[in-house]
Amino acid sequence: MAGFVAVHTGAGNCIDETKYQRVIKEACLRATEILRNGGSAVDACEAAIVRLENCGYTNAGYGSNLCMDGSVQCDAAIMDGSTLNFGACTNVSRVKNPIQLARRICDAQSSPQLLERIPPMILAGTGAEHYADEVGCSMVEPSVLISSKAKFQFNHYKSKYDLVVNSRLSKATSEEPVQVPEPGNEVELAAALDTVGAVCVDGAGNTAAGCSSGGILLKVPGRVGQAATYGAGCWATDTDELAIATCTTGNGEYLMKTLLAREICHGAFSSDCAVTSLHKTFKQKFLDSPLLPRQQDLYAGALTLLYYPGQSSGEVMWSHTTQSFCVGYMATNQRVPKFVHSPLPTYSVPGRSCVVNGHNFHLRI
């Protein structure tokens, strides 16, 4: 059987890409093995993200960013392009692999319910965890998902946050001048990195897209991110002429406001050039969107797969407004995966401009 998979570990300011290179390649190898054995695009997409969730380096599953209170809360979603079914979970702390729960919810969309009830599309918090336990997902104590990296980052940035807050309180109550430190953008840069995603097409020409995230560092407990939001974190849709899947990363609230994943896919159907389409969508629907603040740097990345069934060929594209983006891809007819560290051109301004690159592939059955 044939197929193709691509994965990413988040758009941000990646200083040392080597720590992502190995896990990206392992995720690609695991997914293509499933495709070679006749697995579906959804099977391969889920397996790739499970590997990324388990590595400890990324902001997903084990190693997720911590909330303001030091707790861990994860989001994940997956979409099946052949059925257009979507499943997501949010604010889960006891599910080892949130993408597996999202997959169960997605699959259940096609299952009839008693008394003509409509199956849930998104589950949250303790309700999601109870459902996960019922359907056989691996459950853990919340502390198991907290890595040493996540704990270090939390302590580092929480101390900075507390310092600024306390200084401002002192200034407000003191009659003497008080130096208030600038919060800077370190938290923003750290939080924009490491969210994971995958896109896949199988030998039948069906696509899938998925994403998983621990959310922004120091987020308010209970916050829902783009990784659990319909149309924002991932999207997949298959037609006889074009099958397309995409997953996003970056400033979650801005991705949700613009429904960037769905916009990327819709834009591809009205263009003959993937590069032009992605540039146009990022420019018109994100960077220049009237829904977003004008003076704010807007960080986003997207990994997009386009497959043309009539030609048994396709393109994988990566686009981002961040300083860098780490991605990998592999076809079942390749022996080794390809890793790409994509930098923003030196003349471009992060958060204000976009770069688009990609690679062609052909499926041989």
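**Questions about a predicted model**

Visitor: What share of the 365 residues in the protein do buried residues make up?
Guide: The model shown here is predicted. A residue counts as buried when its relative accessible area is under 20%. By that cut-off, the buried share of the 365 residues in the protein is 55%.

Visitor: What radius of gyration does the protein have, and what would a compact globule have?
Guide: The chain has 365 residues, and a compact globule with that number would have a value near 21 Å. The protein agrees with this, since its own radius of gyration is 20 Å.

Visitor: How many helices and strands are there in the protein?
Guide: Along its principal axes, the C-alpha trace spans about 75 × 50 × 40 Å. The elements in the protein are nine helices and 13 strands.

Visitor: Of the contacts with a separation of 6 or more, what percentage comes from residues 24 or more positions apart?
Guide: The count takes in contacts in the protein with a separation of 6 or more. Within that set, residues 24 or more positions apart account for 70%.

Visitor: Why is the pair of Phe86 and Tyr230 called edge-to-face?
Guide: The structure holds seven aromatic pairs. In the pair of Phe86 and Tyr230, the ring centres are 5.1 Å apart. Planes over 60 degrees apart count as edge-to-face. The planes of Phe86 and Tyr230 stand at 80°, so the pair is edge-to-face.

Visitor: How many residues apart in sequence are the parts that Phe86 and Tyr230 tie together?
Guide: Phe86 lies in strand 3, residues 86-92. Tyr230 lies in the loop between strand 6 (207-213) and strand 7 (234-238). The pair therefore ties together parts whose separation in sequence is 144 residues.

Visitor: Is the pair of Trp318 and Tyr329 stacked or edge-to-face?
Guide: The ring centres of Trp318 and Tyr329 are 5.9 Å apart. Planes under 30 degrees apart count as stacked. The planes of Trp318 and Tyr329 are at 20°, so the pair is stacked.

Visitor: Which residues do ring pairs link into a cluster?
Guide: Trp318 and Tyr329 are both buried, and both belong to this cluster. The residues linked by ring pairs are Phe4, Tyr307, Trp318, Tyr329 and Phe361.

Visitor: Why do the buried residues of helix 8 line one face of the helix?
Guide: Helix 8 covers residues 260-268, and its buried residues are Leu260, Ala261, Ile264, Cys265, Gly267 and Ala268. Seen down the axis, they line one face because they fall within an arc of 165°.

Visitor: What covers the buried residues of helix 8?
Guide: The cover includes both strands and helices. Among them are strand 7, strand 8 (243-250), helix 7 (252-258), helix 9 (274-287) and strand 9 (300-308).

Visitor: Which residues are exposed on the other side of helix 4?
Guide: In helix 4, residues 125-134, Gly125, Ala128, Glu129 and Ala132 are buried. These cover an arc of only 100° around the axis, which puts them on the same side of helix 4. They pack against strand 3, helix 3 (98-107) and strand 4 (122-124). On the other side, the exposed residues are Thr126, His130 and Glu134.

Conventions:
Residues numbered from 1 in each chain as written. Predicted model: local features only at pLDDT ≥ 70, side-chain atom pairs only at ≥ 80, totals over all residues. Heavy atoms only, no water. Phe/Tyr/Trp six-rings, centres within 6.5 Å; stacked < 30°, edge-to-face > 60°. Helix = DSSP H or I, 4+ residues; strand = E, 2+ residues; numbered from the N terminus. Buried < 20%, exposed > 50% of the residue type's maximum accessible area, 1.4 Å probe, protein only. Arc of directions from axis to C-beta. Contact = heavy atoms within 4.5 Å. Rg over C-alpha atoms; globule rule 2.2 N^0.38 Å.
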